[in-house]
Amino acid sequence: MANLERAPRQILITGGAGFIGANFVHHWCTAYPGDRVVVLDALTYAGNRNNLAGLEGANLRFVEGDICDRALVDSLLQAESIDTLAHFAAESHVDRSILGPGAFVQTNVVGTFTLLEAFRQHWNNAGQPAASRFHHVSTDEVYGSLEADDPGFSETTPYAPNSPYSASKAGSDHLVRAYYHTYGMPTLLTNCSNNYGPYHFPEKLIPLSCINILMGKPLPIYGDGQNIRDWLYVGDHCSALDAVIHRGTPGETYNIGGNNEVKNIDLVQMLCELMNELAPELPVRPAQNLITYVKDRAGHDRRYAIDATKISTELGWTPAETVEGGLRRTVEWYLTHRDWWQPLLSEEYQAYYREVYA
Ligand code: NAD
Ligand code: TYD
């Protein structure tokens, strides 16, 4: 929420060339044009500098680098007088964590630890300014899997991560919590549900389905397709993060959800319907003919759902987008941004695809 009386911030955004990070950079630069924004991103397969096209300039600096590089992080915090750190950088895809968990431990655990240590030193050197914030962006997957009738995850749900991805995020969450309790560092932690919207890398379910429909390729549904996710439009996620950074209480956790629980098969059916309506020249019509059930993901969590009562009652945030409206916006974006996603279907991407769906 924009506040005209707020003091300008110097914000370091890690992972700002990725999906949610880039949406957040766009949000922040639009809402707070007087702020200094520094993006630190290693430009892994998931990072794309084009996501920030049109933003780089006087108030936005992009730095290509690794969050595990302590000397680099130290120099940025100091040279840019950073008072706010929004930490998105991560290895983020469950399927890749099954193929190769090492990178997840390195970036998600060691990288977060590196940032925490660097920020602690910087915050101490600056005399522990009251306005400083270290915001860690995490996932609902740390809470494990729900049965059909279970209530949604709340901030007090015990952690029970089931994949190397969620276990590495859980490890980073525990470190963040410890830095508040041990050192009094002003940390904030958010755990959110599945995001979707513009700049989503093609390998995730929603962009993958949009792109495969346009190319007439099979739509792979893991297992029986009855797994449930709580879908959150990325713009709603950004407004929630903004509320937490400005008005959240240090040391607290806030769960962020879209209030949109949908079974995977129903979600893909909705995408097919939208594509049938909005894309005039589909290679296969109706797109539903492409739906193909494939071998289930190892350890596939059955259901995620978020109880977002805390952020709603304490900070006044609720999601604005319905899943119907958000999916329509997303499909329209993929239809009008083929120049964004076509170059991402690289040989490296094809090799990954063959390995997962073989
Ligand atoms: P993403 O994979 O699209 O982007 C990750 C970004 O981090 C990329 O730009 C990548 O280049 C960068 N990065 C990776 N390793 C790095 C390193 N060592 N140093 C610097 N940069 C590095 O991820 P996303 O979907 O945008 O997710 C952002 C954050 O939100 C992650 O922490 C993720 O765990 C969390 N999250 C995502 C979702 C979701 O649905 N996508 C849901 C809940 C939480
Ligand atoms: P994904 O977008 O990978 O997010 P996450 O695993 O973090 O929830 O997947 C969303 C859901 O869609 C998840 O239940 C796995 C399922 N899925 C498929 O059925 N087929 C696919 O090809 C992909 C990528 C995911």
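These legends walk through several close-up views of a predicted model.

A few ground rules first: local features need pLDDT of at least 70, side-chain atom pairs count only at pLDDT 80 or more, and totals for chains, interfaces and linings use all residues. Residues are numbered from 1 along each chain as its sequence is written, chains are lettered from A and ligands numbered from 1 in the order in which they are written, and side-chain values use heavy atoms, with hydrogens and water left out.

**View 1. Ligand 1 and the residues around it.**
Ligand 1 has 28 residues surrounding it, and I20, D41, S92, Y165 and K169 are the closest. (A residue counts as near a molecule or strand if one of its heavy atoms lies within 4 Å of it.) Sorted by class, that shell holds 13 nonpolar, 12 polar and three charged residues. Here Ala, Val, Leu, Ile, Met, Phe, Trp, Tyr, Cys and Pro go down as nonpolar, Asp, Glu, Lys and Arg as charged, and the others, Gly among them, as polar. Three elements, α1 (19-31), β5 (133-139) and α5 (164-183), each supply at least two residues of the shell. Of the elements, β5 gives the most, with three residues. (Helices are DSSP runs of H or I with at least four residues, strands are runs of E with at least two, and both are numbered from the N terminus.)

**View 2. Backbone contacts to ligand 1.**
Look for the polar contacts, meaning pairs of N or O atoms within 3.5 Å; within protein, one must be able to donate a hydrogen and the other to accept it, and residues adjacent in sequence count only if both atoms are side-chain atoms. A backbone N or O atom of G18 sits 2.9 Å from an oxygen atom of ligand 1. For T44, a polar backbone atom is 3.0 Å from an oxygen atom of the ligand, and a backbone N or O atom of F88 is likewise 3.0 Å from a ligand oxygen. Taken alone, ligand 1 exposes 840 Å², and the protein buries 96% of that. (Accessible areas come from the Shrake-Rupley method with a 1.4 Å probe; for residues, only the protein chains shown count as cover.)

**View 3. Ligand 2 and its contacts.**
Now for ligand 2, which is surrounded by 17 residues, the closest being E141, R229, R297, H300 and Y357. These shell residues divide into seven nonpolar, five polar and five charged. Strand β8 makes the largest contribution, three residues. P220 uses its backbone instead, with an N or O atom 2.8 Å from a nitrogen atom of ligand 2. On its own, ligand 2 exposes 510 Å², of which the protein buries 97%.

**View 4**
β4 runs parallel to β5, joined by four bridges, and A86 has H135 as its bridge partner. (Two strands pair if DSSP finds at least two bridges between them.) β5 also pairs in the parallel sense with β6 (residues 187-192) over six bridges, where H136 is partnered with L189.

E80 and R61 form one, with their closest N and O atoms 2.6 Å apart. E80 lies in the loop between α2 (70-79) and β4 (84-87) and R61 in β3 (residues 60-64), so the pair ties together parts 19 residues apart in sequence. E80 is buried at 12% relative accessible area, whereas R61 is partly exposed at 32%. R36 belongs with R61 and E80 in a salt-bridge network. R302 and D224 make another salt bridge, at 2.8 Å between the closest N and O atoms. This pair links distant parts of the chain, 78 residues apart. Finally, E56 bridges to R49 at 2.8 Å.

Notes:
A salt bridge is a side-chain nitrogen of Lys or Arg within 4 Å of a carboxyl oxygen of Asp or Glu. Buried means under 20% relative accessible area, exposed over 50%, partly exposed in between (1.4 Å probe, protein chains only).
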